[in-house]
Amino acid sequence: MTVSLGKRSLAEAVGTFILVFFGAGAAVVTLMLASGTATSTPFNIGIGALGGLGDWLAIGLAFGIAIAGAIYALGRISGCHINPAVTIALFATGRFPGRDVVPYIVAQLIGAAAASLLFAWVVGPDAVTIGGLGATAPFAGIGYLQAIVIEAIGTFLLMFVIMGAAVDERAPPGLAGFAVGLAVAGIITTIGNLTGASLNPARTFGPYLGDWLLAGQNLWDLFPIYIIGPIIGAVVAAFLYDYLSCDCE
Amino acid sequence: MNCYYCALEGKKSEAVAICIVCGMGLCMEHTIRKDVDVWEGGYPFPSKRVKTALPRILCPECYAALYEK
């Protein structure tokens with residue numbers, strides 16, 4: 001017997017709120033810190049202007065530490081997916097009931113939207129006009145399809161770590177939060193300056209909604225990148241892990 | 001083994017249980033049974049409470065130390 005679906009959905013909303021508020025919030029603060037700093041190339045939008053790849057490492061660690069905290073706080077209540085791609089991958093491999101998928105995803109989207117809107121309110125207009133609420137978009141030179149593939153590969157690693165460090169019953173107990181958090185930090189450090197390293201449709205949804213409502217900035221045509229890529233990457237990782245770890249021929 | 005509490009009262013009664021905390025022998029009268037819920041699973045799945053709870057045998061002193069405020 002688990003806690004009720006309502007409580008689990010609320011836990012997913014809270015977890016996704018934490019992820020977006022602290023993770024995407026770190027990107028906003030970095031952009032605000034770098035505001036006015038000259039950059040040498042259009043590939044550098046400001047994140048990287050102060051510390052190079054260290055800027056992305058800092059943002060990655062903000063995401064990773066927030067995610068690890070959410071996992072240790074909420075993992076036993078809802079499972080702390082805080083990512084529709086993870087929920088769908090666990091459902092696709094038969095580990096998560098279909099009737100819970102939609103409530104979980106709706107809760108994740110609500111949590112992400114609440115985080116972005118609250119962040120904009122507490123920080124002020126600069127969070128939207130300068131920081132864009134940490135919205136993700138492909139960087140200069142990265143095409144639409146390339147961005148989908150990059151997001152898929154990034155989410156593949158995230159889901160692979162979740163499978164190996166948490167889903168697999170042979171995994172050492174208690175380490176999953178750190179493992180997943182560090183994996184996210186590493187992924188963001190590498191692909192952050194390519195696609196924004198969303199790895200998570202909800203993480204992109206929140207800032208997109210906030211930017212759209214508060215500044216009229218319409219980024220929705222890019223949203224499929226952050227739906228298709230993460231879901232493909234997560235589902236492939238889950239099935240591949242099952243294949244690799246099965247002792248059957 | 002005899003019940004420690006009965007021995008303190010100058011009585012002699014056979015122990016039927018042992019306190020899991022201090023190891024004291026207990027007769028039925030001095031045995032406190034505290035059923036403890038068992039949860040299994042966790043991240044990335046919700047924990048589930050197992051239907052059957054674990055019986056936990058305690059003496060009155062250990063029960064008071066652990067559960068009474």
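Predicted model: local features only at pLDDT ≥ 70, side-chain atom pairs only at ≥ 80, totals over all residues.
Helices, at least four residues long, and strands, at least two, are DSSP runs numbered from the N terminus. By that count, Ile82(A) falls in the loop that links helix 2 and helix 3 of chain A.

Chain A has nine helices and zero strands. Read from the N terminus, its elements run α-α-α-α-α-α-α-α-α. Along the principal axes, the C-alpha atoms of chain A fill a box of roughly 55 × 40 × 30 Å. A compact globule of 249 residues would have a radius of gyration near 18 Å, and the 17 Å of chain A agrees with that. Of the 249 residues in chain A, 53% count as buried. Contacts in chain A between residues at least 6 apart in sequence can also be sorted by separation: 80% of them join residues at least 24 apart.

How are the helices set against each other? Two packed helices are described by the angle between their axes and the distance between the axes. Helix 1 of chain A, residues 5-34, and helix 4 of chain A have axes that come within 7 Å and cross at roughly 40 degrees. Helix 1 of chain A is therefore oblique to helix 4 of chain A, since an angle counts as roughly parallel under 35 degrees and as roughly perpendicular from 65 to 115. The crossing of helix 1 of chain A past helix 4 of chain A is right-handed. Sorted by class, the contact of helix 1 with helix 4 of chain A has 19 nonpolar, seven polar and one charged residues.

A second pair is helix 6 and helix 9 of chain A, whose axes lie 6 Å apart and pack at an angle of about 40 degrees. That angle makes helix 6 of chain A oblique to helix 9 of chain A. Helix 6 of chain A passes helix 9 of chain A in a right-handed crossing. The residues of the contact of helix 6 with helix 9 of chain A divide into 20 nonpolar, five polar and one charged.

Helix 3 of chain A is largely enclosed by the rest of the structure, because seven of its nine residues are buried. The buried residues of helix 3 of chain A are Pro84(A), Ala85(A), Val86(A), Thr87(A), Ile88(A), Ala89(A) and Leu90(A). Which elements do the buried residues of helix 3 of chain A pack against? They pack against helix 4 (101-123), helix 6, helix 8 (201-215) and helix 9 (223-245) of chain A.

In the loop between helix 2 (53-74) and helix 3 of chain A lies Cys80(A). Although Cys80(A) is not a glycine, it has a positive phi of about 50 degrees. Ile82(A), which lies in the loop between helix 2 and helix 3 of chain A, is not a glycine either and has a positive phi of about 40 degrees. Are these two residues buried or exposed? A residue is buried if 20 or more other C-beta atoms lie within 10 Å of its own. Cys80(A) has 33 other C-beta atoms within 10 Å, so it is buried. Ile82(A) has 32 C-beta neighbours inside 10 Å and so counts as buried. Just after helix 3 of chain A, Gly94(A) takes a positive phi of about 80 degrees.

Another loop of chain A, between helix 6 and helix 7 (176-195), holds Pro172(A). Pro172(A) has 9 other C-beta atoms within 10 Å and is exposed. Its C-alpha atom is separated by 18 Å from that of Leu244(A), 72 residues apart along the chain.

Chain A also touches chain B. The contact takes 18 residues from chain A and eight residues from chain B. On the side of chain A that touches chain B, the elements that give two or more residues are helix 3 (84-92) and helix 6 (144-167) of chain A. Helix 6 of chain A gives the most to this side, with three residues. By class, the side of chain A that touches chain B has 11 nonpolar, five polar and two charged residues.

One feature of chain B remains. Tyr43(B) and Pro44(B) are joined by a cis peptide bond, with omega about 0 degrees. Pro44(B) is in the loop between strand 4 (39-40) and strand 5 (48-49) of chain B.

How values were computed: Residues numbered from 1 in each chain as written. Chains lettered and ligands numbered in written order. Contact = placed C-beta atoms within 7 Å. Nonpolar A, V, L, I, M, F, W, Y, C, P; charged D, E, K, R; others polar. Buried ≥ 20, exposed ≤ 12 C-beta atoms within 10 Å, placed from the backbone. Axes fitted to C-alpha atoms, helices over the stretch in contact; angles between N-to-C directions. Parallel < 35°, antiparallel > 145°, perpendicular 65-115°, else oblique. Left-handed = near helix turned anticlockwise from the far one by under 90°. Rg over C-alpha atoms; globule rule 2.2 N^0.38 Å.
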